[in-house]
Amino acid sequence: MLSRRSLIQSCSAFLFSPLLALRDIRAAAPTLRLTGFELLPLRATPRTVWLVVRLHTDAGLNGLGEASDAFGFANTTAANAATMRARLQTFFEIVRGGSPLDVERYRQRGMPLVKGDLVSATAFSAIEQAMWDLAGQSLGVPTQTLFGGKVRDSLPVYANINRATDPRTPDGFAAAARRAVREGFRAIKAAPFDGFPPAGSPVSVIDAAVDAGIAAVVAMREAVGPEVQIMVDCHSFFDVERAVAVARRLEPQRLTWYEEPVAPERVDDTVAIKQRIGQRMAGGELLFGVAGFAPLVQRHAVDVIMPDVKHCGGLLELTRIAAAADAEGVAVAPHNPSGPISTAACVQVGAGMKNLNFLELQYGEVPWRGELLTPPERFVDGRITVPDKPGFGVALNDDAVRRRALPL
């Protein structure tokens with residue numbers, strides 16, 4: 001393992017001789033070779049399966065990534081878990097027998113294989129995440145050190161209470177919001193329009209769904225008071241006119257942002273909505289790569305972009321997306337309605353991100369979330385601590401994994 005002193009000396013040398021410094025780092029690091037991977041599906045709820053990826057090396061070190069939510073709102077079945085395993089195999093073959101330090105080589109060879117396919121984008125990103133975890137472990141430093149170090153010891157987190165809300169009524173949303181605030185969170189998000197009637201439904205049915213969603217937001221605001229930040233995710237259920245009308249009705253609730261009233265790929269419509277409302281807008285949760293986010297960023301279609309480390313291309317691509325957004329004055333709040341591995345990866349790049357706004361936490365989905373990692377995630381006053389251990393700073397609790405594993 002490369003000592004911290006050796007790494008610092010090598011990085012200092014980088015200022016004078018980049019090639020020499022890289023040579024020194026590689027010479028001091030162990031000669032790891034990637035030998036295989038596991039896909040570990042963990043049943044969280046009837047709706048949610050967390051897909052954990054674990055890369056193996058010939059030295060016994062393992063790296064973690066997460067490949068959850070690649071199938072949209074559909075439940076993860078044995079069939080689509082098998083599909084994910086096959087895609088992971090494709091990307092793993094690029095790095096089989098290679099070093100986990102060769103992330104850029106993997107990216108250049110693997111990214112052309114991602115062609116607008118969310119499953120492939122997620123598989124590619126999961127392998128990349130695990131390589132960065134291994135890179136940090138092999139060098140004996142937190143992964144964030146390899147991205148330039150941290151500027152904060154903890155990250156602001158908002159609690160996504162959507163899956164913790166039952167019943168999905170105004171009272172149910174209010175109760176979930178109060179629980180999150182009691183646990184120290186100062187910002188919450190919900191998707192009160194989920195289940196919105198499809199286009200062509202009777203006007204009375206659509207109006208009732210709009211009224212119910214707005215009533216839920218009002219109930220949350222009344223429950224948590226004026227100081228707690230509230231975000232609303234619309235999950236792209238609206239057209240332009242309805243999006244504007246709903247946003248205007250929500251103005252008294254002083255939202256922190258109004259998220260994806262239409263699909264983020266509909267950039268013209270997103271711009272049209274933003275120009276007509278007074279609330280900040282956010283979006284971009286399933287886009288891939290810098291190029292995928294460029295239209296939203298360059299046209300200032302949203303105030304906050306939401307790259308997801310599981311789908312956007314991994315840690316390095318997330319930092320490049322954030323840098324491109326920063327150049328345009330756009331903030332970043334990584335999308336993360338996921339398991340604890342995705343959260344651990346986001347923490348590493350968020351620790352040094354200049355334009356970080358918030359990190360998302362899937363709040364209250366399962367009571368045993370904290371059992372999966374050693375050490376468990378630490379949330380204090382609505383912030384998550386940045387670990388100082390090598391790699392992502394966490395390891396899987398194999399006993400907990402066995403208890404939650406989904407047989408395939």
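Which residues does Asn 355 touch, not counting residues up to four places away in sequence? Here are my notes, starting with that one.

1. Ground rules. This is a predicted model, in which local features need pLDDT of at least 70 and side-chain atom pairs count only at pLDDT 80 or more, while totals for chains, interfaces and linings use all residues. Residues are numbered from 1 along each chain as its sequence is written, and side-chain values use heavy atoms, with hydrogens and water left out.

2. Asn 355. Not counting residues up to four places away in sequence, Asn 355 touches Ala 322, Ala 325, Asp 326, Val 330, Ala 331 and Val 332; contact means heavy atoms within 4.5 Å. Asn 355 sits in the loop between helix 12 (340-350) and strand 11 (359-362). Helices (H or I, at least four residues) and strands (E, at least two) are DSSP runs, numbered from the N terminus. Asn 355 is buried, with a relative accessible area of 10%. Buried here means under 20% relative accessible area, exposed over 50%, and partly exposed in between (1.4 Å probe, protein chains only).

3. Aromatic pairs. Rings of Phe, Tyr and Trp (its six-membered ring) pair if their centres lie within 6.5 Å; planes under 30 degrees apart count as stacked, over 60 as edge-to-face and the rest as tilted. By this rule there are 13 aromatic pairs. One of them is Trp 132 with Phe 147: the centres are 4.5 Å apart and the planes are at 50 degrees, so the pair is tilted. Trp 132 belongs to helix 5 (residues 118-139) and Phe 147 to the loop between helix 5 and strand 4 (154-160), so the pair ties together parts 15 residues apart in sequence. Trp 132 is buried at 11% relative accessible area, whereas Phe 147 is partly exposed at 23%.

4. A second pair to look at. Phe 196 and Phe 238 have ring centres 5.3 Å apart and planes at 75 degrees, so this pair is edge-to-face. The pair links distant parts of the chain, 42 residues apart: Phe 196 is in the loop between strand 5 (187-190) and helix 7 (203-224), and Phe 238 in the loop between strand 6 (229-233) and helix 8 (240-250). Both Phe 196 and Phe 238 are buried. Elsewhere, Phe 91, Tyr 106, Phe 124 and Phe 288 form one aromatic cluster.

5. Helix 7 against helix 8. The two pack at an angle of about 35 degrees, with their axes 10 Å apart. Axes are lines fitted to C-alpha atoms, for helices over the stretch in contact, and angles run from 0 to 180 degrees between N-to-C directions. From helix 7, Ile 206, Val 210, Asp 211, Ile 214 and Val 217 meet Arg 242, Val 246, Arg 249 and Leu 250 of helix 8. Sorted by type, the residues of this contact are six nonpolar, no polar and three charged. (Ala, Val, Leu, Ile, Met, Phe, Trp, Tyr, Cys and Pro count as nonpolar, Asp, Glu, Lys and Arg as charged, and the others, Gly among them, as polar.)

6. Core. A nonpolar core is a set of buried Ala, Val, Leu, Ile, Met, Phe, Trp, Tyr and Cys residues joined through side-chain atoms within 4.5 Å. The largest one has 119 residues, of which Met 84, Ile 127, Ile 161, Ile 188 and Tyr 258 touch the most other members. Helix 5 gives this core its largest share, eleven residues. Leaving aside neighbours within four places in sequence, the contacts of Ile 188 include Tyr 158, Ala 177, Met 220 and Met 231. A second, separate core of ten residues includes Tyr 158, Met 231, Val 304 and Met 306.

7. Asp 133. This residue is in helix 5 and is buried, with a relative accessible area of 1%. Neighbours within four places aside, Asp 133 is in contact with Asn 62, Gly 63, Leu 64, Thr 143, Gly 391 and Phe 392.

8. Backbone points to check. Most residues other than glycine have a negative phi, and most peptide bonds are trans. A cis peptide bond joins Asp 166 and Pro 167, with omega about 5 degrees, and another joins Thr 374 and Pro 375, with omega about -10 degrees. Asp 69 has a positive phi, near 65 degrees, and is partly exposed at 21% relative accessible area. Asp 381 has a positive phi too, near 55 degrees, and is exposed at 61%.
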